[in-house]
Amino acid sequence: MIPPVRMEPSVPSAVPSREALALLRILVVAGEGGSGGGLVQNLRQWADDGRLEIDTAPDLPRAVRQLSGQRWDVVLAVLGEHADDDLSWWVDTLRGATGSPRLIAVAHAPSMGLVLRAEKSGVLDVLSLPLRREELVRALERLRSAASETTVALPLVEPHAVGPYALVGQSPAMLDVYKLLARVAGSPATVLVQGESGTGKEVVARALHMNGPHASGAFVAVNCAAIPENLLESELFGHEKGAFTGAVTRKIGRFEQAGSGTLFLDEIADMSLALQAKILRAVQEREIERVGGGETIPVDVRLIAATNRDLKEAIKQGRFREDLYYRLAVVTIRLPTLGERGDDLVLLTAYYVRLFAERYGKKIQAISDRALELLRAHAWVGNVRELRNVIERAVIVATDETLRADHLPDELRGEETTLADRPQGGLLTLAEAEARHIARVLAHTNGQIGAAAEILGIHRNTLTRKMKEYGL
Amino acid sequence: MTGPAPVRVEKALALMPELEALVPLRALLVSIARPDEATVWSSSGPYLTLGKRGVHPDELRRRMPQAFHRITDHLQALFKAYVEALECQQRADAPGVVLALLGAGRLEEEVGRHTQARTWYEVALRVAETLQDRRPEVEALRALGYVCLALGEYSAGARHFQRSLALAEPEFDQAGATAASEGLGDVALAQGQWGGAQAWYSRGLRLAEAASDAPRAGRLERQLGVLARKQRDLAAAGEFLRRARERFEGAGLADEMARVLNEQGRLDAQLGRYTAASAAYREALAWAQRATRDTRLELSIRLNLAELDLEAGRLLEAEAELRRAEQVAIGGHVIRRLAQIYTLMGRLRGAQGDETGFVFFEQAIELAKAVERSVATEAQVYHAYGLFRGRLGQQDEARAYLERARELFDSLGEAVERERVEAELRALSA
């Protein structure tokens, strides 16, 4: 039994979280509407307690100038007639601003769609005009409460290096993968690696290559889904000069490039049936022909294929050749999703924080409990690839020795219950609850309607209608 | 539950014949295309291009009324312009006829139908040529000059502007003469004839200042700034742009502020001032938001911002900005710019040493040929593709693509770009 990863609280970092500071700097952009002057006047009165420092900008362009010159904690922006568009521009603008200030959007009668979009974009709050003091105070308190973030030291990680990559994790699901990997690496058998997107199929393929009989040869990877269908054949098998329009020189294909090494065919299910037949021939005969060439070229590669699809289902639908499947799946390794890997998330986080801190010349030794909570709560549709992406971005924007919640992308921060308790104090109507749930599912699927419809158990047309109805 | 899988754009477009009548359908199809749900986080996700996006036939059918509506609106506006011209003809108001016909041409230009716009302008010119008052003719010639410039027909464009200037000056039509000088400067700039461009812009600026035409003077100063930057006189460029900016900010011209700040960003980037360049681009975007929506302007700024990030080694930011630009281009029906976006994506992958990045260049070439139909863009893509291959050590392919770029620049008479490619070919052989 592997003990759970322990996260010890660490000594608070020398630089306190800026939210911990009692004084919040707010840039108010009241726009050119009639509400501007009164709003600023009210805010100045409310700032009298000395905990708020307020400055103003007349419009978005001038606000951008102020944002590039100084650091702000909050931008309070009054949205105009086209509130949705204005919100997108503000989110876009603040993405590049110094110190990642949070946005409070203020609008006349904000719609449900606007609130949900704001939530997804990591907006601190959406308030209605006329602005009420208690609502603003509540929003700012939420920001201040983040000051209670505790820093925890990053755990030590012992990655298994795989060339430029690494296998990280000690969950039971990963231990099973390591065991199988150890058993099959030494044989020249063709391996099929299956797993959802971002679970690390290429890393496993590289590990198989490095620990196998073809390790002295090259490891050549081809992403079958990335390459346009009309180019894939020449990419794999090469071509002779003039074989087709655009064949400006003779090209050596990936089979030949791999020599006596390993050829990794990623996303193999995306290959056309015609090309599958040619791959099958190459696997069976161990020889290929360049496109436009008559010469037969012997090949001695170990083939590893990967897919995130259910190949047996594809065979049933006539989209994948059964004979090729059995040729490729001599051994099958199934990779777990990040969700199935439990505390590996913490180890992977620590690993990537250190990796990117080194790459970007940062010194990050800890993570805040709130940031970790957000990472744990997120549904990682893109698995380890998505986590890696999130951590890389967070490390880039981090300014002190602790990776904090506000270094994480808007989407993750938006998943916190910041706006979720709306309407304040009241219970949600059925329509509001439905709209909110649909918005969550859409956020989970990155706005993919088909996938969202599947999760919700409704037809995509019904979902589209509901999205229109709720202004999502 | 979810119904059949979407059809890939590359397959959908292969089924659509190249017919004028289908252009709006093609635009609609592309604008509703989305990344395949399974692709977003898959290992092919970073290589996603327009061709790999998916489209649902039922969604296309559902959205067709929107396309019909846009087509009807456009036709209605064109027919209305023609009826206005006819009414003017009935009243023997020939300048009114010219005005209405020019309006119709502008409507065509707004939707990217430059060839059709030129036909309207030619009819307008024929009417204008019969008038005693030469100002409508000056205007028609100017419109023709710019549409030729947009079509890459530089010599024809220059001829129209020259004639426009020759007519405006004896008529003391200062605005016409200024505009013609600006047009001649634009043609010279597009052809890399910097001395000529400098002379025309300076002349236009003197005329605009004499007429206290602040917006035009600002535009000419911006263009002089562009020219100075291209000639590496960066101090002069900065001064021109500062003056243009003062004029535009004073006049509250948001779109011009966006353009001048976009150019300021390029100047700062050339000076190696990445932070200042980034701030200029971000402010330019903010001004663009205040102006009437101009997707092309927004795209230009975003592409410059992405290029800046790319040059500064901020590859994640560059990629995010390029994906935003891609979305803006697809959603805003500006497919012509996708070739540039994918060329930059390819350069980005080249900077990462990622060989699969070639897919972006292949897609860009296809778009430049089939959608944008611009030899200049195709030449630029081949140029970047050659450098990409060279960087990966594939010398033969690099040479072949650079030679193709040189051939295309030759056909356009683009001396400056041709010389750049030639230098790279020499370096490759060394």
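Modeller: A residue counts as buried if 20 or more other C-beta atoms lie within 10 Å of its own. The model discussed here is predicted.

Colleague: How many residues of strand β4 of chain A are buried?

Modeller: Six of the seven residues in β4(A), which spans residues 102-108, are buried, and the strand is thus described as mostly covered.

Colleague: In which sense does β4(A) pair with strand β3 of chain A, and with β5(A)?

Modeller: The pairing of β3(A), residues 74-78, with β4(A) is parallel and has five bridges. β4(A) and β5(A), residues 125-129, also pair in the parallel sense, over five bridges. A105(A) illustrates both: it is the bridge partner of A77(A), and its own bridge partner in β5(A) is V126(A).

Colleague: Which helices belong to the β-α-β units that include β4(A)?

Modeller: Helix α3(A), residues 83-95, forms a right-handed β-α-β unit with β3(A) and β4(A). Helix α4(A), residues 112-120, forms a right-handed unit with β4(A) and β5(A).

Colleague: Where do the domains of chain B lie?

Modeller: The domain assignment gives domain 1 (1-55), domain 2 (59-186), domain 3 (214-331) and domain 4 (334-430). The centres of domain 2 and domain 3 of chain B, taken over C-alpha atoms, are separated by 28 Å.

Conventions
Residues are numbered from 1 along each chain as its sequence is written. Chains are lettered from A and ligands numbered from 1 in the order in which they are written. This is a predicted model: local features need pLDDT of at least 70, side-chain atom pairs count only at pLDDT 80 or more; totals for chains, interfaces and linings use all residues. A residue is buried if 20 or more other C-beta atoms lie within 10 Å of its own, exposed if 12 or fewer, and partly exposed in between; C-beta atoms are placed from the backbone. Helices (H or I, at least four residues) and strands (E, at least two) are DSSP runs, numbered from the N terminus. Two strands pair if DSSP finds at least two bridges between them. A crossover is right-handed if, with the strands pointing away from the viewer, the path from the first strand over the helix to the second runs clockwise. Domain bounds come from an automatic or database domain assignment.
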